[in-house]
Amino acid sequence: MLSAVPALFENSQNWFNKNRDVRSMHLPLADSPLTVLGIIAVYLYFVLIYGPRRMNKKKAYDLLNIIQAYNMIQMLANGAVFIKICYNVFIVYDRFSFRCQSIDFSTSTAGLDEVYISYAYFLLKIFDLIDTAFFVLRKKQSHVSFLHVYHHSVMVVTAYCGLVFVPGGHALMLGLWNTLVHTVMYFYYFLASLGSTNIWWKNYLTRLQLVQFVYLAIHFGQPLVSGNCEFPTFWLCYGLLQAIFVLVLFLKFYVQTYHNNQKKHK
């Protein structure tokens, strides 16, 4: 049975190379899915096993300055990608179709823009993983929840699949919403790291995340209902199911964090 593993791996690699978008093959970290799977494996091992064990008998690291710099970089980087996506969606395209936008697989300026926007978004999702490492090194393991780890891991895989299979098109709105939310989120984190303890719009941040997933569920679900969409059906289904699943997780988090806390203080 083990003898069939090399053949299965070779067939999988051949299928991947045959079906991927070749325009991104030259980009660092984008040549093979094994690289991405390796990054996810190291991430999970560190934040769930090695890191907590290592920190068990050590003092929490003081990473305030590093975290402040990280939050600022994230805010600026996500903001820049958000502006670029808005520019392409609302200016470059003659008419971006929110019902069904096909992918430009050409080597035109607009087509290559979609590839490099997808690549920038993929790199942002990898950079997001550092956030969890900070929790571990600061001995805040309770923050390393299933929602947090699942969302970070899946978004790296999702962004990579978007880059190599469906770079742009209808999926651009995922990047637009996500970079907007992360720009606001890391701005909040930056203010909090400066010592701001009474940020009145904190709970609206989670509401913005909920709005994001509701919109994305509709965005990916509408073409499935109406039909006649050139964007691949598999990825529409994937986007819809992920949006609904993460929406449920965030709703649970929102209720536990805000509504239950309000009841305790009454």
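In which helix is Ser 153 found? Ser 153 is found in helix α5, where helices are DSSP runs of H or I with at least four residues, numbered from the N terminus. The model is a predicted one, in which local features need pLDDT of at least 70 and side-chain atom pairs count only at pLDDT 80 or more, while totals for chains, interfaces and linings use all residues. Residues are numbered from 1 along each chain as its sequence is written, and side-chain values use heavy atoms, with hydrogens and water left out.

If residues up to four places away in sequence are not counted, Ser 153 touches Ile 40, Tyr 43 and Leu 44, where contact means heavy atoms within 4.5 Å. Leu 176 lies 23 residues from Ser 153 along the chain, and the C-alpha atoms of these two residues are separated by 19 Å.

Another buried residue is Asn 71, with a relative accessible area of 3%, and this residue is found in helix α3. Leaving out residues up to four places away in sequence, Asn 71 touches Tyr 186, Tyr 189, Phe 190 and Ser 193.

Tyr 186 also takes part in the contact between helices α4 and α6. Helix α4 (residues 109-137) and helix α6 (residues 172-193) pack at an angle of about 40°, with their axes 11 Å apart; these axes are lines fitted to C-alpha atoms over the stretch in contact, and angles run from 0 to 180 degrees between N-to-C directions. The two helices are therefore oblique to each other, since angles under 35 degrees count as roughly parallel, over 145 as roughly antiparallel, 65 to 115 as roughly perpendicular and the rest as oblique. Among the residues that make the contact are Ile 117 and Tyr 121 of α4, and Leu 172, Gly 175 and Thr 179 of α6.

Some of these names return around Ile 85, which, leaving aside its neighbours within four places in sequence, is in contact with Ile 117, Leu 172, Gly 175, Leu 176 and Thr 179. Ile 85 and Leu 172 are among the residues with the most contacts inside the largest nonpolar core, which has 50 residues; such a core is a set of buried Ala, Val, Leu, Ile, Met, Phe, Trp, Tyr and Cys residues joined through side-chain atoms within 4.5 Å. Helix α4 gives the most to this core, with 10 residues.

Conventions. Buried < 20%, exposed > 50% of the residue type's maximum accessible area, 1.4 Å probe, protein only.
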